Amino acid sequence: MDDGEIVLINSEKCPFISGDGFSAVSDSLSSAENTAENRLLWAPEIDQFQLKNYQTGESISVTGPLPNIYKDCRHHVCTSTLMSLAPHANQNKSNSSNVIDELESHSVDYIRKEAYDYLEIFHKDKNTSEADYKKRLEQVELEIEHTRSYVHTTDEIEYGCQLAWRNAVRCINRLFWRDLTIIDRRDVKTNRDMFKEICDHIRVGYNNGTLQASVLLFTPRARIWSTQYLRYACYEQADGTLLGDPANRDLTKAAMQLGWNIPETRRTQWDLIPIIVQVDPNEPPTWYELPQDLRLEVVLSHADPKYDAAIKKLGLRWVVQPIVCDQAFEIGGICYRCVPFSGWFMETEIGRNLCDIQRYNVIPKLAALLNLDVTTAANSQLNVDRLYLEVNAAALYSFQKAKITIVDHHTAAAGFMKFMKQEAILRGNTPADWVWLVPPISSGMSSLFHQEMLNYVLKPRLLSQRDPWTYYVPFLEHKQNLTLSRENIRSALSTTELRISIHVLYASASGTAQSYAEQMVKRLKITGYNAIITELDSYSFEQTNNTPAVIFIITSTFGKGNAPEGGQKVEQWLQNVTDIGINNSTSNMKHISLHNNPFQSNEINKFPLHWCSYAVCAIGSSAYPFFCGFGKLVDTSFQLLGAHRLASFATCDALNQQYKSYNEWEENTVIALKAAYPYASSREKDIRLSTLSRPPSMSRQGSYVEQQVNLIKPFRPTPSTLIFNTNNSETIPSEPVGLFTKENPYLATVLQNIELTGSDNSINDSGRQDHRALSLSENIQPKKKVTIPSSFTNASSDQYRSVRLIVLDTTDLDYYPGDHVCILPENTLANVNGVITACGWQLGNKLLIAPCSLASYTNGKYQTLRQILTNFVDLTTPLRPHTLNIIATYAKNTNEQRQLMELGKGGQRYTDWIVNSPTVKETLEMFRSIQIPLEELIQLLPPLQPRYYSISSSSNCYPNQLHITVSVVTYTTSHGVLRKGICSNYLQQTLPKLSPDGKPIHSTFPRKPSRVRLFISPNPHFRLPGQDSLSISMTRQMLSGGDAFLPLNSPLLMFAVGSGIAPFRAFWQELEFLEQSQGSVQVERILFMGCRSSSDFLYAKELQSLTSQRGESNKLLTAIIPVFSRENAVVKRYIQDVMLEYEDMIYSILNDDNAFVYMCGSTRSCQGIESTLASILQSCGEDNLTFIQATNLVKQYKQFGRIKQVMFG
């Protein structure tokens, strides 16, 4: 036999090995691109594997045959002796082989196949009609098509649960599977309601002592932390001993971490752990004590007085019924994780619980009371066996005396043999696990001991699950913090020098600040500091132990100087404790401490951040009026709160060599850190710097950009290894549920995709909710008569510019007019394929659509390389200098490597290079000697960031819909290169479900409407008056008092430029709805609409209908004033020019009527409108204001919310 040959003995008898033969490594997995993680490894090649003894806790090292990934007999190895099995053949694992999610969502193809298989079983077994069967298949197909899942009927759930018990290979009592009662409670939505149902389930299962088999089924996302309803606690005592049932040691710890506890003086070994329920992974668990009438136990006794006295002296007892909570049921591809199963005990279960050495271990105690020798010297006397038998006898005797259902192991074995014979007649066989079915007492006397069986997977089925507390995030964080604390203590004991924790925090809207933060962490690690990167809102500034820490904050600014997502909680906290406004340069501290601790000194309460050293780098663009506003807020607030500024505050302007400014701040900050905390570094020198002596030009005073010239070689981070799982086909990301965020976006179907420019710039109202017209009050005339231009229908085709109305199906997604929708775009197929080929891959390579280990890089959202390239990484934005430095190490051509490193300096050459906005694909094609593995490139690229759009609809007028007005971005660089905006062009190319007139689109070829990933970003700063305090979890009916009428009662001045009309469309729809429900109010509402030409007058027909279909006295909008900047080829007119023609009206509405002013458009246009408002206040007012005073008055209006702006571009 050759050394490499593998022979499997009796392989022809193994039901899991096909007749075609078997090799340890299949052809599809034998290429060099596959690693040991993806194949079955056989002795002597594999690493040793540990087999655990659950009695002693010891492990034995063994070698194969054993599968390296899945401990499951489906992979040719029987693993019946393992206590729990991996539930899925395609189970995800992280690089450390820890399970990520033991019941991860399946692909649509898997769910469809399993659904069809189960429905066929249901149809045949239940004898449903062919018509009903076909109709049900069509219903399920439709559900899967739209939701990527489906919902079982009550009958399907009941039969599926019965079959799952029927197929449970480790259960001996399956003879009664048809009698299983199913309690369907999938409608339960709260923890409290879960507990109420559990109490009722206990009563149903107990049935006055005549126990009955039943299951209580909750939603697939619910969990019960308790492994069984009735479990005895286990306490770790001060002397190291355990009190209670050691099997529940971890569960007891989890319950105590959640707040349950019994005083030490009252603890016993028979304390029942409370029921811990969690209705959804996004909800915290809650524990509930069972009422006294449900704490059902049987105190043990014995028919023989000798044993009875000893058993009663020990107070032995057990709960009346096993109600197992930690098994999942898989039915037709849907996994139900919370299905408590009530049955009855076989006496050996109670005997083992009490007698096993790793459980209560009562045999030595009984032996002492009965004067029996149970030491190894007396093994031949069989005293251990005798006592074990008598404990089993006591369980049978006590339960029968209490008239509680119980079964002995001989009767149970006979029942299983009857079941097995029935199954052989009914369906040819039944799966059975011999190791688990043979009773643990008098095994050889049981018929099961001598019976051959086959063990295999049959669905529906039961699955093992991980204990919920092992992956509950707050517990993991606590454990990590505890570990860090212990490490800090050990470090403090081993050295007298100070070591300090360093955190790099970021808040990023577009990904730039996050990219810089990642660069900062790499720089610190190279220098020897072990920095931790975290999103700003995820860091707790409310320290109770005041442990010194260094914090570097890199943040962008959003809107009116506010924090971007990821920093809004910190912004609110800082404003609460400091009285700082966005535009204020000075402030006073509020006398509010983070924790009102009476033991802290007044000085500490006054300066809650005294423990912190910090430095802030603000990212922004000087084109915006609130340039780096949030960064300035953080820097000023931290000083007021007692933090020590380690390095100077810096602003990095996107319009003025931002990267160079950032690099200089980074260098100065690292120098300051090394000076303040030299012993916190594990290295004496920055390994990136040359070991050669520096020339004078490279002294410390030089900038970091200059110092990079003297680097030996750019630092290349260690990438994650790429591993493929070729057993699975390409998976489709699961349907998101719960709170929709950037990490968990909503999937919206595109209903309509309509061109707005030109003559057809209106939307069909077929989806609009019909409201009955109510009586309208008399309209108030404006202070100055305004003539509305009649230019609505003068439209012509615009071949150079496209603006699209995208209508999305957003059922159950809440928003308000003025809010933003954040769209997660996709990279174009051309860009994706270009990167793939540039990295040396063939486009037809099937591994591109195979699940791979980089899924963990996306937190499991995307499984394959193609999915990751399409949805997760940014292939459009030019590579950052620090990324170019790393990529330079992959260039084989010395000249190209030098050019890349020159660009990596971030100086003028880089600034000139990015003028053309080269994509990743173009960069790789430009420097063709770069030979970088695809997986390593992916790990260098920044994540694809969402794009923000003002919502163009009111959910009251268009229920279950959301509209976006998208100006399709196409431009030519100064060097003549054509570029397209990634998100707007992506939306332009989406396939709608309906035509512009609202009719279904019929096609001769297969066509599915596109689905867009999105989430809502509430924007209370730009909502209608009275709606700014609402959250998306509130309904409009929650408005009370005057707030309910503020939107209608408030005069409005609205200024829209181009696609800036978007939020105002939502406004007029909302106002129209409110008028119909509350009655019209006579107030001024003026809209100035700026556009290039009449063909660009967006929503002209809708606006025309608002004026033409109403009388002069009840118009929703008092005046609509279009301003066409390019109608006249000689003179361009903008909104600010026309405003001066209506200055009396504007002043009257603003000053006399206290109107609210809204602006939406480009930064430059909004600044111009704001400046013109100041001019009008100056010229029309009676206070003889100077222009500076009028400008300050406008600023006050903005500060108090009278002027609201949304700016872009």
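Trainee: What makes Cys171 a position to look at in this predicted model?

Mentor: The UniProt record, in an unreviewed entry, places the feature "binding site" at Cys171, and such annotations may be inferred rather than shown by experiment. In the predicted model, Cys171 is found in the loop between helix H3 (154-166) and strand S5 (181-184).

Trainee: Which residues does Cys171 touch, leaving aside those up to four places away in sequence?

Mentor: Cys171 touches Trp165, Phe416 and Leu437, where a contact means heavy atoms within 4.5 Å.

Trainee: Why is Val435 called partly exposed?

Mentor: Val435, which has its place in helix H11, has a relative accessibility of 41%. Buried would need a value under 20% and exposed a value over 50%, so Val435 at 41% falls in between and counts as partly exposed.

Trainee: Is Tyr1099 buried or exposed, and how do you know?

Mentor: Tyr1099 has a relative accessibility of 0%, and since buried means under 20%, Tyr1099 counts as buried. The place of Tyr1099 is in the loop between strand S36 (1085-1091) and helix H29 (1100-1108), and here too the backbone deserves a look, with a positive phi of about 60° in a residue that is not a glycine.

Trainee: What kind of peptide bond joins Lys459 and Pro460, and where is Pro460 found?

Mentor: The bond that joins Lys459 and Pro460 is a cis peptide bond, with omega about -5°. Pro460 is found in the loop between helix H11 (434-437) and strand S20 (461-464).

Trainee: How many helices and strands does the protein have, and what share of its residues is buried?

Mentor: The protein has 33 helices and 39 strands, and buried residues make up 51% of its 1209 residues. Of the contacts with a separation of 6 or more, 74% are accounted for by residues 24 or more positions apart. The protein exposes about 56400 Å², with carbon and sulfur atoms supplying 50% of that area.

Terms used
Residues numbered from 1 in each chain as written. Predicted model: local features only at pLDDT ≥ 70, side-chain atom pairs only at ≥ 80, totals over all residues. Heavy atoms only, no water. Helix = DSSP H or I, 4+ residues; strand = E, 2+ residues; numbered from the N terminus. Buried < 20%, exposed > 50% of the residue type's maximum accessible area, 1.4 Å probe, protein only. Areas by Shrake-Rupley, 256 points an atom, 1.4 Å probe, with all protein chains shown as cover.
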